[in-house]
Amino acid sequence: MSSEPDIVKDASDALLPISDQGIVVMQGWYDKNIHDRHVTLWDLGEVEDNYSDDEAEGVTLQVQITIFSEEDELQLARKIKKLMKEAGCSFEGRNADDSKPEDGIRMKAQRFSKYYEMEEE
């Protein structure tokens, strides 16, 4: 691989069809100043994998993609899942929905992972 793996960039690239529809896709967390649905990307960290001779041959990075909206965004969540899987990510699960939000904003969070092989030096 020519550069360091970046799950947030890869997720952002995978979700271009969503941002092209005018839906904000951004790194970070809920922004109360955005008064429309938006999608956030949150890096959940990494795990070294596939050890050979005490050296990791790769790394698995994880990302949480969260939809914030006043509506239940099940169709958008399905589209995100499809796009992420097409980009080579594995679906790890979805958090329980916030069905009765106090502030009127619902959140739907999904977690994905992607394995990256390390280059030999």
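Modeller: We will take the labels one by one and set each against its definition.

Modeller: This is a predicted model, where local features need pLDDT of at least 70, side-chain atom pairs count only at pLDDT 80 or more, and totals for chains, interfaces and linings use all residues. Residues are numbered from 1 along each chain as its sequence is written, and side-chain values use heavy atoms, with hydrogens and water left out.

Biologist: How many helices and strands are there, and in what pattern?

Modeller: The protein has three helices and five strands. Along the sequence they run α-α-β-β-β-α-β-β. Helices (H or I, at least four residues) and strands (E, at least two) are DSSP runs, numbered from the N terminus.

Biologist: Why is F68 called buried?

Modeller: Buried means under 20% relative accessible area, exposed over 50%, and partly exposed in between (1.4 Å probe, protein chains only). F68 has 5% relative accessibility, so F68 counts as buried. Of the 121 residues, 35% count as buried.

Biologist: What makes W29 and F68 an aromatic pair, and why is the pair called edge-to-face?

Modeller: Rings of Phe, Tyr and Trp (its six-membered ring) pair if their centres lie within 6.5 Å; planes under 30 degrees apart count as stacked, over 60 as edge-to-face and the rest as tilted. The structure holds four aromatic pairs. In the pair of W29 and F68, the centres are 5.3 Å apart and the planes 85 degrees apart, which is edge-to-face. W29 lies in the loop between β1 (24-27) and β2, and F68 in strand β3 (residues 55-69), so the pair ties together parts that are 39 residues apart in sequence. W29, Y30, W42 and F68 form one aromatic cluster.

Biologist: How do you know that K114 and D10 form a salt bridge?

Modeller: A salt bridge is a side-chain nitrogen of Lys or Arg within 4 Å of a carboxyl oxygen of Asp or Glu. For K114 and D10 the N to O distance is 3.6 Å, and their side chains meet in a salt bridge. K114 lies in strand β5 (residues 106-117) and D10 in helix α1 (residues 7-14), so the pair ties together parts that are 104 residues apart in sequence. K114 counts as buried at 18%, while D10 counts as partly exposed at 23%. The structure holds five salt bridges.

Biologist: What makes K82 and E86 a salt bridge?

Modeller: Their closest N and O atoms are 2.7 Å apart. K82 and E86 are four residues apart in helix α3, so about one helical turn separates them. K82 is exposed, and so is E86.

Biologist: What makes W29, W42 and L44 a nonpolar surface patch?

Modeller: Patches are made of residues with over 30% relative accessible area and no salt bridge: like charges are joined within 9 Å, nonpolar side chains (Val, Leu, Ile, Met, Phe, Trp, Tyr) within 5 Å. W29 is partly exposed at 37%, and W42 is partly exposed at 43%. With L44 they make a nonpolar patch of about 300 Å². Accessible areas come from the Shrake-Rupley method with a 1.4 Å probe; for residues, only the protein chains shown count as cover.

Biologist: Which residues form the negative surface patch?

Modeller: E4, D6, D43, E46, E48 and E55 form the negative patch. Lys and Arg count as positive and Asp and Glu as negative; His and the chain ends are not counted. Strand β2 (residues 38-52) gives the most, with three residues. E46 is found in strand β2, and E46 is exposed at 55%.

Definitions and conventions
Charge placed at Lys NZ, Arg CZ, Asp CG, Glu CD.
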